[in-house]
Amino acid sequence: MANLTVFVSGVTKGSGISKKSGTPKPYSFANVDYLIPAKNFQNDDNDIRKLGMEVKSISMKDDMNLFAQFGSVSFPCQLNLILEANPENPSQNIVVDFADV
């Protein structure tokens with residue numbers, strides 16, 4: 001189990017039926033959005049300067065109870081996200097819980 005302390009800006013949970021591929025397929029997802037300092041991008045052809053914050057997302061356990069727990073939070077706020085290996089892809093972490101900092 002790992003922890004990630006971040007400034008959380010919101011949480012999204014969605015589900016439905018995708019018809020993009022022609023054959024309808026159910027989908028379901030859950031994400032936590034958090035803020036990080038904006039980073040400049042430079043290479044031989046580009047010079048992009050940024051100020052402020054950027055939004056990043058991390059997958060969350062697709063669980064309505066966990067989503068409902070985030071309902072008690074006043075966004076944006078700093079939280080300690082509790083992470084575990086994603087059972088569908090163990091090389092990635094997902095949020096399974098959170099705690100106040």
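This report walks through the strands, turns, pocket and a few single residues of one predicted model.

**The sheet**

Five strands form an open sheet in the order β5-β2-β1-β6-β7, and their pairing is antiparallel. The edges belong to β5 (53-59) and β7 (89-100). Each of these two has a single partner strand, so one side of each is left without a neighbour in the sheet. Neighbouring strands are turned by 40° against each other on average, with direction ignored.

| Strand pair | Sense | Bridges |
|---|---|---|
| β2 and β5 | antiparallel | seven bridges |
| β1 and β2 | antiparallel | eleven bridges |
| β1 and β6 | antiparallel | seven bridges |
| β6 and β7 | antiparallel | eight bridges |

**Who faces whom**

Begin with strand β1, which covers residues 2-18. Its partner β2 covers residues 25-37. Val 8 stands opposite Tyr 34 in β2. Gly 10 stands opposite Asp 33, also in β2.

Now move to β5. Asn 31 has Ser 59 of β5 as its bridge partner. Pro 37 stands opposite Met 53 in β5.

Then turn to β6, which spans residues 77-86. Which residue of β6 is the bridge partner of Asn 3? That partner is Ile 82. Ile 82 also has a bridge partner in β7, namely Asp 97.

**Turns and loops**

Two hairpins can be traced here. β1 and β2 form one, with six residues between them. Gly 22 sits in that turn and has a positive phi of about 95°. Most residues other than glycine have a negative phi.

Pro 24 belongs to the loop between β1 and β2. Leaving out residues up to four places away in sequence, Pro 24 touches Ile 17, Ser 18 and Lys 19. Pro 24 and Ile 36 are twelve residues apart in sequence. In space, their C-alpha atoms are 36 Å apart.

Another proline sits in the loop between α1 (64-69) and β6: Pro 76. The peptide bond from Phe 75 to Pro 76 is cis, with omega near -10°. Most peptide bonds are trans.

**The largest pocket**

Rolling a probe the size of a water molecule over the atoms shows where empty space is left. The largest pocket holds about 220 Å³ of space. Which element gives the largest share of its lining? That element is β2, with four residues.

The lining includes Ser 28, Phe 29, Ala 30 and Asn 31. Ser 59, Met 60, Lys 61 and Asp 62 are also among the lining residues. Asn 86, Pro 87, Glu 88 and Ile 94 line the pocket as well. By type, the lining divides into five nonpolar, four polar and three charged residues.

Some of these names have come up before. Asn 31 and Ser 59 line the pocket, and the two are bridge partners between β2 and β5.

**Asn 86**

One lining residue deserves a separate look. Asn 86 lines the largest pocket and is found in strand β6. Is Asn 86 buried or exposed? Its relative accessible area is 14%, which is under 20%, so Asn 86 counts as buried. Not counting residues up to four places away in sequence, Asn 86 touches Gln 92, Asn 93 and Ile 94. Of these contacts, Ile 94 is also listed in the pocket lining.

**Val 101**

The last stop is the segment after β7, where Val 101 lies. Val 101 has a relative accessible area of 64%, which is over 50%, so Val 101 counts as exposed. Val 101 still has contacts: with residues up to four places away in sequence left out, Val 101 touches Thr 5, Gln 78, Leu 79 and Asn 80.

Notes
Residues are numbered from 1 along each chain as its sequence is written. This is a predicted model: local features need pLDDT of at least 70, side-chain atom pairs count only at pLDDT 80 or more; totals for chains, interfaces and linings use all residues. Side-chain values use heavy atoms; hydrogens and water are left out. Two strands pair if DSSP finds at least two bridges between them. Axes are lines fitted to C-alpha atoms, for helices over the stretch in contact, and angles run from 0 to 180 degrees between N-to-C directions. On a 1 Å grid over the protein atoms alone, a cavity is a set of points where a 1.4 Å probe fits but cannot get out, and a pocket is an open set with protein on both sides within 12 Å along at least five of seven lines; lining residues have an atom within 4 Å of a point. Grid points are joined across faces, edges and corners, and a volume is the space filled by probe spheres set on the points. Ala, Val, Leu, Ile, Met, Phe, Trp, Tyr, Cys and Pro count as nonpolar, Asp, Glu, Lys and Arg as charged, and the others, Gly among them, as polar. Buried means under 20% relative accessible area, exposed over 50%, partly exposed in between (1.4 Å probe, protein chains only). Contact means heavy atoms within 4.5 Å.
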